[in-house]
Amino acid sequence: MSLRTLSTVVAIAVSVASVKAQDAPQETFPAVPLAEKKFSYPDGIPYQVDTDTNLIRGFQSGYNLCNTTTEGQDSKCQTSFFNSLDDFCLWAPMEPNSAIADTEGEEVAWCTKPGRGTRLIPEGTFTGLQYIKTPDYIQIVGFMDGTKINIKEGDFGGELDPHGADLRGNPMGGLMYSNAFSGGGDNLQQVIEWTNFMGSKSFCFKACDPAGDRQATLCEHKLDRIGCNFNMPNLAQDGVFESCEGESQDPPGVYVENGVTQSFNQPGETEVPNPTYTPRIPVSSNCQTFTSTEIFAALATVKPDPAVIGASSPGSATTSGTGSSSAGGPRPTNSGAPGDSQDAEGSASVLGVNALGIVGALMSMISAMLFV
Ligand SMILES: *[C@@H]1O[C@H](CO)[C@@H](O)[C@H](O)[C@H]1NC(C)=O
């Protein structure tokens, strides 16, 4: 490094240091990671769960205390539910025509059932859904018109989970509850490990049993750029709405080749991940099929935001779920699969890690000079 470069670096470093001295220091990580914050539903829920100030990603955009006054299509409720085929919420943007990767930190709960203070998913959003309950987790995979829940047309999407690069979660402060592991009804337990890939045409969502000893492994969230096919291998079909039981998957990235168990690791941000293995799709059973009109009757009058591009055009996705499988019925694995090329969590890691990394490097350069 030339002297000139070095002095520029030092000048930048000093100005970074003085900015830091004048303002309260900005930190990346919260005092307590989101995944370690526990709240009983409904009485233990605070207004917001992400209350740290001076963090580089700013403030929680919505709230967790949701009730009849917050319910509606402007709700900023970030308390979410996943119970069954007909009762779940997805994370999606607040404003129409948004990309998931741009809004990962501030998405809100869009639900299929009224009564919990959230937005509702408009009628006709889904064209096929498969719900599976296994000994370790529940999973739902779907085909949809994501524009109806404010996802930009053609968005490859990204991955949401309660960790994120800075451990505040995506969305920041997002909470998840389920009655699927506690016998149903009003006994809603907080889910600690979950992962939700969202794109404009499909989604997949897995929530692990909070009492299960494999929850962190099976709801692993690190392969966030290789989409639903690899993270939640499934046989969901467009045109079919079904609720099944099944065996559990292998942990994301784990596969057997020539009798040897292997593990796929996602490369760094500058490389495109290219997994070549075929993930094992577990056996499912007891599938019951439904029509979307019978399971989503409560959504019949819910319409997309008028600002959604193409919302009023005739011939947009229809609501018929006939129970018969449609032609092709591809799984959400081809182009447009959530997480294939964009990476919600990865963009957070660019923000968090790079900002920290630069300041850290400059600081250590200053110390090196002071102590030489
Ligand atoms: C309803 O939710 C809002 C927003 O979180 C909150 O300000 C209000 O206090 C809540 N009302 C009740 C009765 O809990």
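A residue counts as buried when its relative accessible area is under 20%. The legends below describe a predicted model.

**View 1. Gln 249 sits in a loop between two strands.** The loop holding Gln 249 runs between strand 12 (241-246) and strand 13 (254-257). Gln 249 has a relative accessible area of 3%, so this residue is buried. A polar atom of the Gln 249 side chain lies 3.3 Å from the backbone oxygen of Pro 233. Leaving aside neighbours within four places in sequence, Gln 249 is in contact with several residues, among them Tyr 137, Lys 206, Leu 218, Pro 233 and Arg 280.

**View 2. Six residues surround the ligand: Tyr 47, Tyr 63, Leu 65, Asn 67, Thr 69 and Thr 70.** By class, three residues of this shell are nonpolar, three are polar and none is charged. An oxygen atom of the ligand is 2.5 Å from a polar backbone atom of Leu 65. In the side chain of Asn 67, an N or O atom is 2.5 Å from an oxygen atom of the ligand. The ligand taken alone exposes 360 Å², and the protein buries 48% of that.

View 3. Strands of a sheet pair through backbone hydrogen bonds, either parallel or antiparallel.

**View 4. Strand 2 and strand 3 run antiparallel.** Strand 2 covers residues 87-92 and strand 3 covers residues 108-111, with four bridges joining them. Ala 92 stands opposite Val 108 in strand 3.

Definitions and conventions: Residues are numbered from 1 along each chain as its sequence is written. This is a predicted model: local features need pLDDT of at least 70, side-chain atom pairs count only at pLDDT 80 or more; totals for chains, interfaces and linings use all residues. Side-chain values use heavy atoms; hydrogens and water are left out. A residue is near a molecule or strand if one of its heavy atoms lies within 4 Å of it. A polar contact is a pair of N or O atoms within 3.5 Å; within protein, one must be able to donate a hydrogen and the other to accept it, and residues adjacent in sequence count only if both atoms are side-chain atoms. Accessible areas come from the Shrake-Rupley method with a 1.4 Å probe; for residues, only the protein chains shown count as cover. Ala, Val, Leu, Ile, Met, Phe, Trp, Tyr, Cys and Pro count as nonpolar, Asp, Glu, Lys and Arg as charged, and the others, Gly among them, as polar. Two strands pair if DSSP finds at least two bridges between them. Buried means under 20% relative accessible area, exposed over 50%, partly exposed in between (1.4 Å probe, protein chains only). Contact means heavy atoms within 4.5 Å.
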